[in-house]
Amino acid sequence: MSPQGVKLQIQDRHVVIDNGILQVTLSNPEGIVTGISYNGINNLLADESSRSKDKQKGGYWDVNWDSVDGSKKGGLEVISGTKFEVIMKTEEQVEVSFSRPWEPSLPGDIFVPLNIDKRFIVLRGSSGFYSYAIYEHLGSPEWPAFSLSQTRIAFKLREEKFHYMAVADNRRRFMPLPEDRDAKNCQRLAYDEAVLLVNPIEPEFKGEVDDKYQYSCENKDLRVHGWISTESPLVGFWQITPSDEFRSGGPLKQNLSSHVGPTCLAMFTSLHYAGYDLGPKIGQGEAWKKVFGPVFIYLNSVVGGESRDDTLTLWEDAKRQMMAEVQSWPYSFPASKDFPSSDQRGNVNGRLLVRDRFISKDYISAKGAYVGLAPPGDVGSWQRESKGYQFWTRADENGNFSINHVCTGDYNLYAWVPGFIGDYRNDVPVTITPGCYIHLGHLVYEPPRDGPTLWEIGIPDRSAAEFYIPDPDPKYINRIPDRFRQYGLWERYAELYPKEDLVYTVGVSDYTKHWFFAQVTRKNDNTLQGTTWQIRFKLDRVDETGTYKLKVALASANQGELQVRVNDPNTKRPLFSSGLIGRDNAVFRHGIHGLYWLFNVEIPNAVLAKGENTIYLTQARGQSPWRYLMYDYIHLEGPLTMVHKATI
């Protein structure tokens, strides 16, 4: 028997869409999701009858914005429509619109200068619904400049029902309750998001740290997450994002997912793990339009199930549904002309090779390379890009890649290859037209290289995960297997190195045991000061006709400054200074990377000596426990003349 057709009921203050599997109720004309009825449960969302203390309930789109230079905070707007419109109404599909236009007379501290059109779609036979939004800034002088720091769709669920959360296979668990974060039940830690649970309602959570950042994910892994109601019947509420094309910052950008509330988020643009660089900056009178979504809110259930095995069943089913949504992308059913269907998009393929003659005389396949199309820019600009769309894939073992369903427009092709430093950009622009198939042939990436590698520390993979991550303080434990997601790790450095800073001896030390994952500040007489790490190494001889190069790749930085000195730590002027860099905050947000930095430091042969040498790496900025540098990879290259002399 075919499922019931989709029905639409329009009331004075509400709109109800019903396909026989679920009912979605939205306020009219605001477009706030006030109710989701499913499997006999009247409403899965927090409403006025639930225990939730949150001012904002239900499901809603919101946006944060600032001045274009970041000097002035703008505001937070929960997008409330002023016009309701039926876009499509058939038994197969209902699509409705809740729009809020902007005009110069609107208060600038309350309304972001954008025309916003929120859409909701329910299909026949679907156990869920879709939502997307169209943001538009008109190319007219009266439209002011601003920076879009964050936008998302959020759902607040009934806290008396949803207690089990799943973000990834290794991060799924029963969760503390919102009341556990009340002042009487917890101890506030170094920042507002983190609390120590001292008097939780469920004793099993006593002594744990709760922090929403412990559940962040990289875009490439943030496909499905959500909550399970632990009352019979078990019901799963899942947020599925089938494509990253509308997210900012590329595949490695980290975003929030689900956290205590119970809260379920679909993040599109945010400054987390990147800072102000990643906010789209829209100029005065600049024409800009972008479609965020669609994302899918999926519901599933186990009749009569109450065991932990049943929660796993719902999680596995949600992952299967996620794969089905990914394979269906781009969706064919959104009615907006601003969302291009498959036949309006193009495709690009090719093969990426690596040429590093100090490793191999032959070309090396760029195995596992991240290859993507992003708006034209400089080398590596994709990780700070946020206005346009990005399309990424992974190359196979032979370096072959295929990027499909790309929106029309002009792009550069970018890549980076695990195991090699730096970024690749193909200098030839790629123009996508409807239905095109562009074959780029063989592309060659030549990593930055000035001479033979004398020694190296770490793995060039844009992460500090391979370095030493300490055990957390026993007072601050969370049942999460990723070591770097524990609270307070920055404090462990001073405990391990109470008097002297880290010293690493090439050929003796092991970076997995002896290189702390982040170069943080040290408390000294109640002040926080920068730290200086040493790399000690031997040279059999010094080539007096060439220059040595120290290549330093950073996985993250937060208001830090890298200074490099050689063999004399007291020189007033370092050989190199990065200046003040980074606003990632990855250390306290439990990230193992943020934005990537690569520095090439020239070391004159005159400052080196035959035998023992020491490189001093100083993080020169103090004042905060979260000013740091996080290294990805370091290597020292000898002069090119060393190779020539060796071959004579």
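Okay, quick word on terms before anything else: Ala, Val, Leu, Ile, Met, Phe, Trp, Tyr, Cys and Pro count as nonpolar here, Asp, Glu, Lys and Arg as charged, and the others, Gly among them, as polar. And keep in mind that this is a predicted model.

With that, let's look at the second largest cavity. Its volume is about 50 Å³. The lining includes Pro176, Pro178 and Pro262, along with Phe162, Trp227 and Glu159. By class, that lining splits into 8 nonpolar residues, 2 polar and 1 charged.

Now the cores. The largest nonpolar core has 105 residues, and Phe155, Phe237 and Leu352 have the most contacts inside it. Strand 24, residues 288–302, gives the most to this core, with 9 residues. There's also a second, separate core of 69 residues, with Leu265, Met267, Leu550 and Ile592 among them. As background, nonpolar side chains tend to be buried together in soluble globular proteins.

Three strands form an open, antiparallel sheet in the order 14-15-16. Strand 14 (186–188) and strand 16 (209–210) are at the edges with a single partner strand each, so one side of each has no neighbour in the sheet. Strands 14 and 15 pair over 3 bridges, and Arg188 sits opposite Val195 in strand 15.

Note on methods: Residues numbered from 1 in each chain as written. Predicted model: local features only at pLDDT ≥ 70, side-chain atom pairs only at ≥ 80, totals over all residues. Heavy atoms only, no water. Core = buried A, V, L, I, M, F, W, Y, C linked by side-chain atoms within 4.5 Å. Buried < 20%, exposed > 50% of the residue type's maximum accessible area, 1.4 Å probe, protein only. Helix = DSSP H or I, 4+ residues; strand = E, 2+ residues; numbered from the N terminus. Pairing = 2+ DSSP bridges. 1 Å grid on protein atoms, 1.4 Å probe; cavity = no way out; pocket = protein on both sides within 12 Å on 5 of 7 lines; lining within 4 Å. Points joined across faces, edges and corners; volume = space filled by probe spheres on them.
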